[in-house]
Amino acid sequence: MTSKKLIAPFYERLSLVLIGILSLGYLVIEGKEVLDPLVFGFLFAILLLPVSNILESKLRLPRSMSSLLSVLLLVAFIGGILYLVGTQITKLTSDWPMLQKQVSESVKNLSGWIHSTFNINLEKQEDYVHDTAKKIMASGTEVVGTTFGAVSSLMLFYLFILIFTFFILFYRRLLFKFVLQVFRDDNKTVVHDIVENIQSILRQYILGLLIEMVVVATVACTLFFFIGIKYAALLGIIVGLFNIIPYLGIFTALVLSVVITFATGAVSDALLVGASVLGIHLVDSNFLLPTIVGSKVRLNALITFLGIVLGEMVWGLSGMFLSIPMIAIFKIIFDRIESLKPWGYLLGGDYEYKKSAEKKMKTE
């Protein structure tokens, strides 16, 4: 007698999938303190892997030393960016009295406009401002304590990222052999293909983001310089850094740039800066992003935006950074497993049709 393979009903399989997704989501949320720096360490380790390999092969350094030097080079690069931003912020703080004067004049003009438009007495407005200031000063100690705690947690978070990056670089062969043993010899070719593609695509994606950041910051600095903004370099760097955050980062850069320009110059300059940031974003999203970054990670806009929103809900700001690389990893895995290919198509969408069409045109 031939035995027939039993297939579970659709509703039963769907229920198991939903339970698995909910359980995984709960573990991801609860394990944020460990998983968040671990994933960042994994991405940085992939980025630094060629550097570590060069140090081992060319300079004959042991793996521990090559991994440590790679991490130190990363720290030096990030430190250089922070130093550049810090010098610009120092110039901004030196003009603090002028900023206070500009803000106070703007507040007076705003109060006069409110009085003439809504017929609200100036004394009531001043009383409201003074009451609000007293409440803020009363809670000043708590704010300082909370800020200190947040900065301490952030520094500890960065330290964990560097530690995880070093250990992943140091034990990379052990981790790779572990993955091969988990999926047995039958799937060795598929595992090799997945690992190589994950390394290649994520490395190209991160480098593409860095190139895009430099290009956007350079264009923004140039435009702000020609407009005549006092802190053109600082605002250009802010636009370039926040541009890394997909979709939402440009609005944060827009608000910061307009507020700083308004506090240090004329209203017309603030409007020009806002228009320049929007123009840079349009050029970046339609030309730079598809050319430099979009060709590396083939994800459709709906999945990308949904991933960013879910990443922010789960892990906050870091989740927004990590959402696209993690979805890209899932797409690479789905595309190479027959039963999961429809999910890979869902993540890529029209890009799959474009790829197949290009292949047909080449063969013809």
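First, the ground rules. Residues are numbered from 1 along each chain as its sequence is written, and side-chain values use heavy atoms, with hydrogens and water left out. Because the model is predicted, local features need pLDDT of at least 70 and side-chain atom pairs count only at pLDDT 80 or more, while totals for chains, interfaces and linings use all residues.

Now the fold. The protein has 15 helices and zero strands. Helices here are DSSP runs of H or I with at least four residues, strands are runs of E with at least two, and numbering starts at the N terminus. Of the 364 residues, 30% are buried. Buried means under 20% relative accessible area, exposed means over 50%, and partly exposed lies in between, with a 1.4 Å probe and protein chains only. Take contacts between residues at least 6 apart in sequence: 67% of them join residues at least 24 apart. A contact is heavy atoms within 4.5 Å.

On to the cores. A nonpolar core is a set of buried Ala, Val, Leu, Ile, Met, Phe, Trp, Tyr and Cys residues joined through side-chain atoms within 4.5 Å. The largest one has 25 residues, and Ile198, Leu202, Leu322 and Leu347 have the most contacts inside it. Helices α2 (32–57), α6 (140–170), α8 (188–227), α12 (301–315) and α13 (317–335) each supply at least two of its residues. The largest share, seven residues, comes from α8. Look at Ile198: leaving out residues up to four places away in sequence, Ile198 touches Phe42, Ile46, Ile329 and Ile332. Apart from this core lies another, of 19 residues, including Val216, Ile229, Ala253 and Val277.

Two single residues next. Leu169 sits in helix α6. Leu169 is buried, at 1% relative accessible area. Beyond four places away in sequence, the residues Leu169 touches include Ala45, Leu48, Arg63 and Val71. Ser67 is another of them. Leu169 and Ser67 are 102 residues apart in sequence, yet 5.8 Å apart in space, C-alpha to C-alpha.

Ser323 is in helix α13. Is Ser323 buried or exposed? Ser323 is buried, with a relative accessible area of 7%. A polar atom of the Ser323 side chain lies 3.0 Å from the backbone oxygen of Met320. Ser323 also touches Gly307 and Ile308, again not counting residues up to four places away in sequence.

Aromatics. Rings of Phe, Tyr and Trp (its six-membered ring) pair if their centres lie within 6.5 Å; planes under 30 degrees apart are stacked, over 60 edge-to-face, the rest tilted. That gives nine pairs. Phe166 and Phe167 are edge-to-face, 5.4 Å centre to centre with 65° between the planes. Phe167 and Tyr171 are stacked, at 6.3 Å and 20°. Phe166 is partly exposed at 22%, Phe167 at 39% and Tyr171 at 37%. Elsewhere, Phe40, Phe44, Phe157 and Tyr158 form one aromatic cluster.

Last, the largest pocket. On a 1 Å grid over the protein atoms alone, a pocket is an open set of points where a 1.4 Å probe fits, with protein on both sides within 12 Å along at least five of seven lines; lining residues have an atom within 4 Å of a point. The volume is about 1900 Å³, taken as the space filled by probe spheres set on the points, which are joined across faces, edges and corners. The lining has 47 residues, and Phe40, Phe44, Ile78, Tyr158 and Phe321 lie nearest the centre. Helices α2, α3 (63–94), α6, α8, α9 (232–242) and α13 each supply at least two lining residues.

Key. Polar contact = N/O pair within 3.5 Å; in protein donor to acceptor, adjacent residues only side chain to side chain.
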